[in-house]
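Take a first walk through this protein chain. Keep the sequence and the 3D view side by side as you read.

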Amino acid sequence: MFKRVLAALVLAAATLTTGAVSAGTAHADTTYRGEGDEVVRVRLTKTPGLLQLRHDGEANFIVFTVTPAGKKEELLVNEIGPYSGTVLYNARAGMGTAALEIKADGAWSAVFKPLSKARCWCTGTVHGTGDQVLKLSPTRGLRTVRSSFTGEGNFIVQSYTRPGSYGDLLFNQIGSYKGKALLPSGTRLVTVHADGSWSLTRN
């Protein structure tokens, strides 16, 4: 009898532990949905990852990561009106992400994904619209990247040789733009922040 009770308690404890981890693991394709302003608590993670965000409102849509100490850390999105994009969080070493602060006037969704699910920049040229995170095989030697952007707001492109460290700013422009920049050796991740269509070509 004692063994059966003990086994039941162990099973229950295992079930509770598994449920807690599954519910709070930021990299397990966990989806959060809501409407209006909200603070979403997540299981603390210091590992860089992706956030797929959507907003169906007309006013500001602002998303910050929040540290375990309750401090706003990374400004992930600051747009007006409908929004759909993928951004990088925990981009540099810090206290980690314990929550998201969301400011919105409409319905929104936030999906946590691992870096392995970033879009592949597999060929020389990649086209996109809006915010995206791109992964590629680490570059070597002298490489360049040519960009083209059609939009009215900011066009910001950063490269990372190691997620969790500071990135290199490749482009930071406002409005339509065409230009070329060095692509640092060892680059394996590139983030694009844009309100319009863009293309990147590696050479």
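Predicted model: local features only at pLDDT ≥ 70, side-chain atom pairs only at ≥ 80, totals over all residues.

What follows moves from the whole chain to single residues and their surroundings.

The chain has 203 residues, and 44% of them are buried. The contacts tell how the chain is put together. Take those between residues at least 6 apart in sequence: 74% of them join residues at least 24 apart. The accessible surface of the chain is about 11000 Å². Carbon and sulfur atoms account for 54% of that surface.

Charge comes next. Side chains of opposite charge can pair when their charged atoms come close. How many salt bridges does the structure hold? The count is one salt bridge. Its partners are the side chains of Lys72 and Glu101, at 3.1 Å from N to O. Glu101 has 16%, so it counts as buried.

Glu35, Asp37, Glu38, Glu58 and Asp105 form a negative surface patch. Pick out Asp37 from this group. Asp37 lies in the loop between strand S1 (31-35) and strand S2 (38-45). Its relative accessible area is 49%, and therefore Asp37 counts as partly exposed. Which residues does Asp37 touch, leaving out those up to four places away in sequence? They are Ile102, Lys103 and Ala104. Asp37 can also be placed against Phe61. The two are 24 residues apart in sequence, and their C-alpha atoms are 9.3 Å apart in space.

Ala59 gives another view of a loop. This residue is in the loop between strand S3 (49-55) and strand S4 (60-66). Ala59 is partly exposed, at 33% relative accessibility. Beyond its neighbours within four places in sequence, Ala59 is in contact with Glu79, Ile80, Gly81 and Asp105. One of these, Asp105, belongs to the negative patch. Ala104 can be compared by distance. Ala59 and Ala104 are 45 residues apart along the chain, and 7.1 Å separates their C-alpha atoms.

Now go to the loop between S6 and S7. Two residues there are worth a stop. Asn90 is found in this loop, where strand S6 covers 83-89. Its phi is near 55 degrees, a positive value in a residue other than glycine. Most residues other than glycine have a negative phi. Is Asn90 buried or exposed? Asn90 is buried, because its relative accessible area is 5%, and buried means under 20%.

Met95 lies in the loop between S6 and S7 as well. At 42% relative accessibility, Met95 is partly exposed. Residues up to four places away aside, Met95 touches Leu44, Lys46, Thr67, Pro68 and Ala69. Thr45 gives a distance to check in the view. Met95 and Thr45 are 50 residues apart along the chain, with 8.7 Å between their C-alpha atoms.

Two strand residues complete the walk. Val145 has its place in strand S12, residues 143-150. With a relative accessible area of 1%, Val145 is buried. What surrounds Val145, not counting residues up to four places away in sequence? Its contacts are Trp121, Leu170, Phe171, Gly179, Lys180, Ala181, Leu182, Leu183, Leu200 and Thr201. Take Leu170 from that list. Val145 and Leu170 are 25 residues apart in sequence and 8.6 Å apart in space, C-alpha to C-alpha.

Thr191 is the other stop, in strand S16, residues 189-193. At 12% relative accessibility, Thr191 counts as buried. Residues up to four places away are again left out. Thr191 then touches Leu88, Gln132, Val133, Ile156, Val157, Gln158 and Tyr160.

Methods:
Residues numbered from 1 in each chain as written. Heavy atoms only, no water. Buried < 20%, exposed > 50% of the residue type's maximum accessible area, 1.4 Å probe, protein only. Contact = heavy atoms within 4.5 Å. Areas by Shrake-Rupley, 256 points an atom, 1.4 Å probe, with all protein chains shown as cover. Salt bridge = Lys/Arg side-chain N within 4 Å of Asp/Glu carboxyl O. Patch = residues over 30% accessible without salt bridge, like charges linked within 9 Å, V, L, I, M, F, W, Y side chains within 5 Å. Lys, Arg positive; Asp, Glu negative; His and termini not counted. Charge placed at Lys NZ, Arg CZ, Asp CG, Glu CD. Helix = DSSP H or I, 4+ residues; strand = E, 2+ residues; numbered from the N terminus.
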